[in-house]
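Trainee: I have a model open and want to learn how to read its features. Where do we begin?

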Amino acid sequence: MARRNNADRLKPPKPDTTTPATNTTDDLFSFVSPTEFVALPSEGRFYPPTHPLHNVDTVEIRHMTAQEEDILTSEALLKKGVAINRMIDSVLVDKSIRVNDLLLGDKNAILIAARISGFGPLYEVDTTCPACKESATTVFNLEEMKPTVLPKKPKGITLLDNGHFATTLPKSQVTVTLRLLTTGDEERLMKNTEMKKKVKKIPSGLTDLLKTIIVSANDHTDRATLEKFVEMMPLPDVSYLRKRYEQVKPDMDVKFDFECPACDHVGKVVMPMTANFFWPDR
């Protein structure tokens, strides 16, 4: 028996299959940052066929980490006004998707989901009562926010396969094709407005918006022609176009129930988006 035991001791030790290794690199990163799928308000219906989100109703994002915290607190990025966009680019799993090409409503959905993963669903901010104008601290539950729902066949609008939509203007009877604004479009419009303010020019935000979203008018697609058409568009057509655009535009519903502690007013308020949204401890 003694010889048999000695022989056993001289054999190479058998690997332990019941106890996991504790000193491997894989074990260190076994908690890898989780991901989640965010429902897109657009349901992918307003992206061109060449876009990675064309007809895709969700997008996968990583939960925020210290890397995103560094981006959000970077003084250089904050000064340039690009910290939020850089953070969104960072959490998107599919790197072929760029924030500047996202529709605004889809960007907002990703923004809210990222905030929940990083700082939790409760967002505390001062809210102004629409009745008495007093300010009160309100806690919003971001998990209660839902996308606005666009009817499959909205009245007065034809949805096209390329992500655009068409409608006929009531006054001029011109049929126009439009597209939705992207994040990049919004930034260009804002910079244009700021530039005009600096040189003391008359603001032209509405005209610039229409020039950006109109793709064609009675099949004319030349940019110079379309811009001239926008400048000559009858006011009833302008009003109609703004309403149709708001009707189609997918986004997150940012209205919440509100009860004012000062005057007992009860109603809906739009959730304010302040610096506290991503910097709650500042």
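Mentor: With a term. Helices and strands here are DSSP runs, and they are numbered from the N terminus. Strand 4 covers residues 135-141, and T138 is found in it. Keep in mind that this is a predicted model.

Trainee: Is T138 buried or exposed, and why?

Mentor: Buried means under 20% relative accessible area. T138 has 12%, so T138 is buried.

Trainee: Which residues is T138 in contact with, beyond four places in sequence?

Mentor: Y123, E124, V125, T127 and F258. With T127 there is also a polar contact: the two side chains are joined at 3.2 Å.

Trainee: Let us step back. How many helices and strands are there in the protein?

Mentor: 10 helices and 10 strands. The protein has 282 residues, and buried residues make up 37% of them. Now look at contacts between residues at least 6 apart in sequence. Of these, 60% join residues at least 24 apart.

Trainee: How do I read the nonpolar core?

Mentor: General idea: in soluble globular proteins, nonpolar side chains tend to be buried together. Here the largest nonpolar core has 65 residues, and M87, I214 and M233 touch the most other members. Helix 6, residues 104-119, gives this core its largest share, 7 residues.

Trainee: What does I214 touch, leaving out residues up to four places away?

Mentor: T177, L178, R223, L226, V230, M233 and L241. Note M233 in that list. M233 is, with M87 and I214, one of the residues that touch the most other core members.

Trainee: M87 takes me to helix 5. How many of the residues of helix 5 are buried?

Mentor: 7 of 9, so helix 5, residues 83-91, is mostly covered. The buried ones are A83, N85, M87, I88, D89, S90 and V91.

Trainee: What covers the buried residues of helix 5?

Mentor: The cover includes strand 2 (58-62), helix 3 (66-72) and helix 4 (75-80). Helix 6 and helix 7 are also among the covering elements.

Trainee: D89 is in helix 5. Why does D89 count as buried?

Mentor: Its relative accessible area is 14%, so D89 falls under the 20% cut-off. The D89 side chain has a polar contact of 3.3 Å with the side chain of R98. Beyond four places in sequence, D89 touches K95, I97, R98 and V99.

Trainee: Now helix packing. At what angle do helix 7 and helix 8 pack?

Mentor: About 150 degrees, with the axes 11 Å apart. Helix 7 spans residues 183-198 and helix 8 spans residues 205-213. Angles over 145 degrees count as roughly antiparallel. Helix 7 and helix 8 are therefore roughly antiparallel to each other. Their crossing is right-handed. Helix 7 makes the contact with D185, L189, N192 and K196, and helix 8 with D208, L209 and T212.

Trainee: How does helix 8 cross helix 10?

Mentor: At roughly 65 degrees, with axes that come within 12 Å. Helix 10 is residues 235-248. This crossing is left-handed. Helix 8 contributes L206, L210 and I213, while helix 10 contributes V238, L241, R242 and Y245.

Trainee: Next, backbone angles. What should I know about phi?

Mentor: Most residues other than glycine have a negative phi. Q173 is not a glycine, yet its phi is positive, about 60 degrees. N218 also has a positive phi, near 50 degrees, and is a residue other than glycine.

Trainee: Where are Q173 and N218 found?

Mentor: Both are in loops. Q173 is found between strand 6 (165-168) and strand 7 (175-178). Q173 is exposed, at 53% relative accessibility. N218 lies between strand 8 (214-217) and helix 9 (223-232). At 42%, N218 counts as partly exposed.

Trainee: One last residue. Where is the place of T158?

Mentor: In strand 5, residues 158-159. T158 is partly exposed, at 45% relative accessibility. T168 is 10 residues from T158 in sequence, and their C-alpha atoms are 9.7 Å apart.

How values were computed
Residues are numbered from 1 along each chain as its sequence is written. This is a predicted model: local features need pLDDT of at least 70, side-chain atom pairs count only at pLDDT 80 or more; totals for chains, interfaces and linings use all residues. Side-chain values use heavy atoms; hydrogens and water are left out. A nonpolar core is a set of buried Ala, Val, Leu, Ile, Met, Phe, Trp, Tyr and Cys residues joined through side-chain atoms within 4.5 Å. Buried means under 20% relative accessible area, exposed over 50%, partly exposed in between (1.4 Å probe, protein chains only). Helices (H or I, at least four residues) and strands (E, at least two) are DSSP runs, numbered from the N terminus. Contact means heavy atoms within 4.5 Å. A polar contact is a pair of N or O atoms within 3.5 Å; within protein, one must be able to donate a hydrogen and the other to accept it, and residues adjacent in sequence count only if both atoms are side-chain atoms. Axes are lines fitted to C-alpha atoms, for helices over the stretch in contact, and angles run from 0 to 180 degrees between N-to-C directions. Angles under 35 degrees count as roughly parallel, over 145 as roughly antiparallel, 65 to 115 as roughly perpendicular and the rest as oblique. A crossing is left-handed if the near helix is turned anticlockwise from the far one by less than a right angle, and right-handed if clockwise.
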